[in-house]
Amino acid sequence: MKLLDIIPLRISIFSIVYILLLIFLAPLIDHAFTTLDEDKKLKENNFQILFEIILHLIVISVIWYLLNKYLVL
């Protein structure tokens, strides 16, 4: 019996790796986009802000997919 065949241990390792990666990746993703206050100062319209929100969600989804694909234990 291999060490990673123990389900609670596998879930724990998987969760810790995800949490640590997301703790470090989330700020990098968030800083790639402007804040709502900056958008107001730049006088961006609602469609530009909506586009940025949708783009932010797409980036998060792609990162989540890549993490899920390549971090399978």
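Predicted model: local features only at pLDDT ≥ 70, side-chain atom pairs only at ≥ 80, totals over all residues.
**Helix packing**

Two packed helices are described by the angle between their axes and the distance between the axes. Here, helix H1 covers residues 7–31 and packs with H3 at an angle of about 150°. The axes of H1 and H3 lie 11 Å apart. Because angles over 145 degrees count as roughly antiparallel, H1 is roughly antiparallel to H3. The crossing of these two helices, H1 and H3, is right-handed.

Helix H3 itself spans residues 46–70, with Val62 among its members. Phe47, Ile53 and Leu67 also belong to H3.

Which residues form the nonpolar patch on the surface? The patch consists of Phe47, Leu50, Ile54, Ile58, Val62, Tyr65, Leu66 and Tyr70. Together these residues have about 860 Å² of accessible area.

Is Leu67 buried or exposed? Leu67 is buried, because its relative accessible area is 10%, and the cut-off for burial is under 20%. Ile53, with a relative accessible area of 47%, counts as partly exposed.

Helix H2 comprises residues 36–41, and the loop between H2 and H3 contains Lys43. Asp37 is located in H2 and is exposed, at 53% relative accessibility. Lys43 is likewise classed as exposed, with a relative accessibility of 73%.

**Backbone of Lys43**

Most residues other than glycine have a negative phi. The phi of Lys43, by contrast, is positive, near 55°. This residue, Lys43, sits in the loop between H2 and H3.

**Distances between residues**

| Residue pair | Separation along the chain | C-alpha separation |
|---|---|---|
| Phe47 and Arg10 | 37 residues | 44 Å |
| Asp37 and Leu25 | twelve residues | 23 Å |
| Ile53 and Phe33 | 20 residues | 8.9 Å |
| Leu67 and Leu22 | 45 residues | 9.3 Å |

Ile53, a partly exposed residue, has a C-alpha separation of 8.9 Å from Phe33. Asp37 in H2 is twelve residues from Leu25 in sequence and 23 Å from that residue in space.

Definitions and conventions. Residues numbered from 1 in each chain as written. Heavy atoms only, no water. Patch = residues over 30% accessible without salt bridge, like charges linked within 9 Å, V, L, I, M, F, W, Y side chains within 5 Å. Areas by Shrake-Rupley, 256 points an atom, 1.4 Å probe, with all protein chains shown as cover. Salt bridge = Lys/Arg side-chain N within 4 Å of Asp/Glu carboxyl O. Helix = DSSP H or I, 4+ residues; strand = E, 2+ residues; numbered from the N terminus. Axes fitted to C-alpha atoms, helices over the stretch in contact; angles between N-to-C directions. Parallel < 35°, antiparallel > 145°, perpendicular 65-115°, else oblique. Left-handed = near helix turned anticlockwise from the far one by under 90°. Buried < 20%, exposed > 50% of the residue type's maximum accessible area, 1.4 Å probe, protein only.
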